[in-house]
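Please examine the sequence and the three-dimensional model shown here.

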Amino acid sequence: MLRLHDTATGEVRPLELREPGKVSMYVCGPTVYGPPHLGHGRFSLVFDVLRRYLVWSGHEVTYVSNITDVDDNIINRARSEGRTEQDVAAEWEAVWWQAMDAIGVLRPSSDPHATAFIDRMIDLIARLVDAEAAYLTADGVFLEVSKIDGYGVLARQDLDSLRSGARVEVDELKRSPLDFVLWKPAKPDEVAWDSPWGRGRPGWHTECVAMSLDLLGEGFDLHGGGQDLAFPHHENERAQAVALGRRFAGHWVHNGFVEVDGEKMSKSLGNFTDLLDLVATVDPRAYRLLVLRSHYRTPLEVSRETTADAAAALARLDAYARRTRELVVGVEPDADVLERFRVAMDDDLQTPAVVDLLFTAVRDGNRLLDDGDDAAAAPLAAAVRAVADAVGLALHEVDAEVPVEIQALVDERRAARSSRDFARADEIRDQLVADGWEMEDTADATLVRRKS
């Protein structure tokens with residue numbers, strides 16, 4: 001049984017499903033006003049891996065991830081560029097999907113847009129006002145958090161602690177600094193919709209409540225996103241559902257921060273590295289492997305060194321895939337490897353253990369091949385492919401830059417080295433070097449590339 005850390009309880013506990021065999025997931029998506037950064041890439045990959053594993057485990061998964069296409073940042077960019085908000089949002093949404101495709105993230109089952117749910121958000125806010133959980137001021141409609149049972153559960157703090165530590169701009173019209181806006185009055189020449197409280201637009205925290213309940217229904221299984229969203233965004237979503245007496249997410253999952261060269265990625269530090277810039281300079285799969293190497297709840301270090309090391313590790317996996325591509329045809333994967341994969345993933349997605357499992361299987365498989373034991377090597381090779389596929393790590397079995405005859409010589413040289421026929425190994429090496437190839441011997445494979 002899959003066990004995941006639940007932010008609401010602070011414990012790793014079983015993922016309890018509303019309906020056996022079916023998983024309903026809601027993951028907060030992007031606000032589309034600029035290029036996606038590495039933090040966007042990490043949460044997208046974390047939940048893509050979780051989704052893929054659930055499918056591999058035999059579940060039917062409904063995965064919803066929204067697009068925020070109306071927001072202060074979108075409005076400000078549109079004004080500064082003399083464009084409409086719709087044009088800005090459409091441009092950067094296209095860039096978002098380009099980046100997601102580049103890192104191999106599966107498209108959601110549904111990608112609701114905020115502007116398509118305005119009517120449902122207005123209805124939700126009206127019901128909160130009718131329930132006297134929300135109140136109207138000159139600055140808009142606000143939710144009164146003191147009326148919400150258990151407010152602060154996702155911050156792991158009670159209401160009094162949150163009040164004492166609140167760093168919220170003072171608004172004399174609000175009853176508490178923690179109360180948050182549900183409806184904002186429109187400013188001049190700003191995109192707006194009609195409502196019972198005048199022209200304006202919904203607050204950000206209302207968007208995902210309306211979408212998730214509408215598309216997934218009450219008591220959906222899992223709500224996820226980056227650690228920075230747990231409070232106040234996800235807490236404020238939960239508060240609105242609680243105020244309406246509606247069952248919300250059964251499990252809350254949040255991934256850790258990204259650190260760029262040792263510092264947490266943040267606006268104040270100005271180190272929001274563009275995800276597309278990264279994948280333009282390194283194999284896009286390297287970022288997935290980097291994410292897999294780090295447990296999803298821990299900080300992820302991204303630097304030239306870590307991405308280069310991940311790319312080199314991928315090259316070793318690819319070399320192994322090329323070496324075994326004919327060996328695995330019609331072969332069942334090694335059952336022990338698959339069971340160890342399942343055990344690691346069921347234990348709160350221990351993907352670092354999965355990466356270790358992959359490379360151990362590669363090393364063992366290469367030793368068996370070097371010893372001429374193809375029969376024993378084949379199930380390991382099939383298991384490596386099965387595990388890599390289950391976590392979305394595509395292996396390149398064909399390298400257009402390395403002709404089949406060159407790869408055959410590389411494999412022969414490795415076998416010669418294994419059998420201590422160093423004379424033949426040196427002869428092959430000299431032949432490859434003379435033909436313009438460079439080689440690097442590792443524990444897992446021999447990497448070959450043309451001289452630059």
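The structure is a predicted model. In soluble globular proteins, nonpolar side chains tend to be buried together. Here the largest nonpolar core comprises 83 residues, and those touching the most other members are Leu4, Met25, Phe47, Leu50, Tyr287, Phe341 and Leu393. Helix α13, spanning residues 374–390, is the greatest contributor to this core, supplying 10 residues. A separate core of 43 residues lies apart from it and includes Tyr26, Cys28, Phe180 and Phe248.

Not counting residues up to four places away in sequence, Leu393 touches Leu289, Leu292, Leu314, Leu317, Leu358 and Ala388, together with Arg285 and Arg288.

The next topic is helix packing. Two packed helices are described by the angle between their axes and the distance between the axes. Helix α9 (residues 284–293) packs against helix α12 (residues 351–370) at an angle of about 115°, and their axes are 6 Å apart. On the α9 side, Leu289, Val291, Leu292 and Arg293 make the contact, while α12 contributes Thr351, Pro352 and Val355. Classified by residue type, this contact has five nonpolar residues, one polar and one charged.

Finally, consider Asp348, which is located in the loop between α11 (335–346) and α12. Is Asp348 buried or exposed? Asp348 is buried, because its relative accessible area is 1%, and the cut-off for burial is under 20%. Leaving aside neighbours within four places in sequence, Asp348 is in contact with Arg3, Leu4, His5 and Val12, and also with His295, Tyr296 and Arg297. Of these contacts, Leu4 is also among the residues that touch the most other members of the largest nonpolar core.

Conventions: Residues are numbered from 1 along each chain as its sequence is written. This is a predicted model: local features need pLDDT of at least 70, side-chain atom pairs count only at pLDDT 80 or more; totals for chains, interfaces and linings use all residues. Side-chain values use heavy atoms; hydrogens and water are left out. Axes are lines fitted to C-alpha atoms, for helices over the stretch in contact, and angles run from 0 to 180 degrees between N-to-C directions. Helices (H or I, at least four residues) and strands (E, at least two) are DSSP runs, numbered from the N terminus. Contact means heavy atoms within 4.5 Å. Ala, Val, Leu, Ile, Met, Phe, Trp, Tyr, Cys and Pro count as nonpolar, Asp, Glu, Lys and Arg as charged, and the others, Gly among them, as polar. A nonpolar core is a set of buried Ala, Val, Leu, Ile, Met, Phe, Trp, Tyr and Cys residues joined through side-chain atoms within 4.5 Å. Buried means under 20% relative accessible area, exposed over 50%, partly exposed in between (1.4 Å probe, protein chains only).
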